[in-house]
Amino acid sequence: MEKNVSLDDIVNIAKRRGLIFPSSEIYGGLAGFYDYGPIGFEIKRRIIDDWWWNFVISRDDVYGISPAIILSPAVWKASGHVDEFIDILVECTKCKSRFKAETLLEDLGIKISDFSMESIKNSLRDNNARCPKCGGELSEPRRFNLMVEAHVGAVKDESSVIYLRPEIAQGMFINFKLISAITGAKLPFGIASYGKVFRNEIAPRGFIFRLREFEIAEIEYFIDPDEQNSCEDFHEVDNIEIKIWTKEEQKRNLKPKERKLGDAYNEGVFSSMWHAYWVGESVKWLESIGLSPENLRLREHLETELAHYAKQTFDIEYYFPYFGWKEIVGIANRTDYDLRRHSKTSGEKLYLVKDGKQFFPYCIEPSFGIDRIFLAVITEAYTVREDGKVILRLHPKVAPYDAVIVPLLKRPEFIAKAEEINRMLKRERLATYVDVSGRVGKAYVKADEFGVPYAITIDHETFENDTVTIRFRDTREQIRVPITELPIRIRELSKTTV
RNA sequence: GCGCCGGUAGUCUAGUGGAAGGAUGCCAGCCUUCCAAGCUGGUGACGCGGGUUCGAAUCCCGCCCGGCGCACCA
């Protein structure tokens, strides 16, 4: 088996097998937007389903919600997002016209070697640049908002501007008080959600790695600031071993060090025990959907990288053979930043009371980039067999189908039997389909590329004793089982094999 | 957003000024076979728009999309 997969290989299978492809393609495409096809969407949906099961349903302390994509612009002003900029803009202090720094410098005939904030600032000052419209004084260069703007209502002016959310978190913070009142949840507890978010990236890049519309799954987990280091379930993660790259190690050019989370916590690597716990839970889940531990590492954000709301953030990075180490999950300690800001701005009492004292809970935020995780899962699963055939060795729980049903011959009785078994398995809530290519080899190869873990074949013996064979995707071995046992056998196999 | 390179069927690819070809996939049929390999037929492409030319997939310009580098990255 070979494993040196390139991005071209992934793009190719994605297109050829209906996983994912450029959006609006018949009109030339639109940078930063991709459509998931039948197979890709099933895989993605199952990743999300498993995430939801693992982080919401299987726990008693996390409540799932689905807040609106569009929130009041006041939310984004309070959260600090409106004041966070990325493209470099300068504004005239007199007439309020806005100019892109690059264009402005060009128009003024100022040559510049690089467009960093620093050199733009310097050259504007050194050349004593003034507003080209009114000659007024220019503001310091600032970075332009990466939120996607739209308008609601009949009038399209400043007052009708709204933003498409760049993160889901705010929809959870603004509902914090309501959720805690409705559920009666006591600290510590979390709110979770997943869905589309939008960011006006300057340069979408790397297939589906940097998108303008993408899916994230987030948990905002609230803890008592006095209890940050008492996490009863920490023993469930303290033995997890992972490469950790602290900010000090990065600054000193040291390599990441393999550590147990418990040891790292004791060394003081994490901002709190709860922070370490959520790192552990996140790593556990990523491994459970098929990402190898050796391809995962933890990298602490340097001070300069920290978001405006974060005290400490760890990225879980995945080693993509064609990109190197890249972030797929971020786990931030947002402290009480958001609840405090919303409380102050809205006037609502988003604090809790303990022993007669008001306080704002601290928040740990694991944030999963679903499209990046999808790409990692596909990349990890992509395998070329000795005979040159491609298989996606997906974990059964994230495979697009549970099984394919293949009639050995393209005869009416074989096809009828296949359809009968298909209906039976669907009644058992298994995701199956019939492949009537008429050549089993073809059906197997196609299913292997889809990542379908099992192929059920109807052969001559089926008509003699009501048995079929189950073929394993990864080994091509077959076992024979009675038709009546299929649902239970497929379920059992999905739990115990990969 | 800047710079460099690129864009021919679903996929891979030939064609560099003079009839767009192949492989594979896909569809229909034959064959009735346990890992894409037999036979017959069929569908299917020059990213978009302008220009040069008798004639453009080919040369020029603009745009779109992609890769890489820079920048940026909540």
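1. Axes here are lines fitted to C-alpha atoms, for helices over the stretch in contact, with angles from 0 to 180 degrees between N-to-C directions. Helices (H or I, at least four residues) and strands (E, at least two) are DSSP runs, numbered from the N terminus. The model is predicted: local features need pLDDT of at least 70, side-chain atom pairs count only at pLDDT 80 or more, and totals for chains, interfaces and linings use all residues. Residues are numbered from 1 along each chain as its sequence is written, and side-chain values use heavy atoms, without hydrogens and water.

2. Helix 2 on helix 10. The axes of helix 2 and helix 10 (residues 273–288) come within 11 Å and cross at roughly 140°. That makes helix 2 oblique to helix 10 (under 35 degrees is roughly parallel, over 145 roughly antiparallel, 65 to 115 roughly perpendicular, the rest oblique).

3. Helix 2 supplies Ile-47, Asp-50, Trp-51, Asn-54 and Phe-55, and helix 10 supplies Trp-278, Glu-281, Ser-282, Trp-285 and Ser-288. By class, five are nonpolar, three polar and two charged. Nonpolar covers Ala, Val, Leu, Ile, Met, Phe, Trp, Tyr, Cys and Pro; charged covers Asp, Glu, Lys and Arg; the others, Gly among them, are polar.

4. Helix 2 on helix 12. The axes of helix 2 (residues 38–57) and helix 12 (residues 370–381) come within 10 Å and cross at roughly 110°. The two helices are therefore roughly perpendicular to each other. Helix 2 passes helix 12 in a right-handed crossing. From helix 2 come Gly-40, Ile-43, Lys-44, Ile-47 and Ile-48; from helix 12 come Ile-370, Asp-371, Ile-373, Phe-374, Val-377 and Ile-378. Eight residues of this contact are nonpolar, one is polar and two are charged.

5. Largest pocket. A pocket, on a 1 Å grid over the protein atoms alone, is an open set of points where a 1.4 Å probe fits, with protein on both sides within 12 Å along at least five of seven lines; lining residues have an atom within 4 Å of a point. The largest pocket holds about 1,600 Å³ (volume is the space filled by probe spheres set on the points, which are joined across faces, edges and corners). Its lining has 48 residues, with Leu-146, Arg-199, Glu-201, His-301 and Glu-327 nearest the centre. Elements giving two or more residues include strand 10 (213–223), strand 14 (312–320) and helix 12. Strand 15 gives the most, eight residues. The lining divides into 20 nonpolar, 10 polar and 18 charged.

6. Second largest pocket. Its volume is about 640 Å³. Of 17 lining residues, Arg-46, Pro-396, Lys-397, Asp-402 and Arg-429 are closest to the centre. Helix 2 and helix 16 (486–496) each supply at least two. Helix 2 has the largest share, seven residues. Six of the lining residues are nonpolar, two polar and nine charged.

7. Backbone points to check. Arg-429 has phi near 65°, a positive value in a residue other than glycine. Arg-429 sits in the loop between helix 13 (412–427) and strand 22 (432–434). The peptide bond from Leu-187 to Pro-188 is cis, with omega near -5°. Pro-188 is in the loop between helix 7 (176–183) and strand 9 (189–198).

Notes: Chains are lettered from A and ligands numbered from 1 in the order in which they are written. A crossing is left-handed if the near helix is turned anticlockwise from the far one by less than a right angle, and right-handed if clockwise. Contact means heavy atoms within 4.5 Å.
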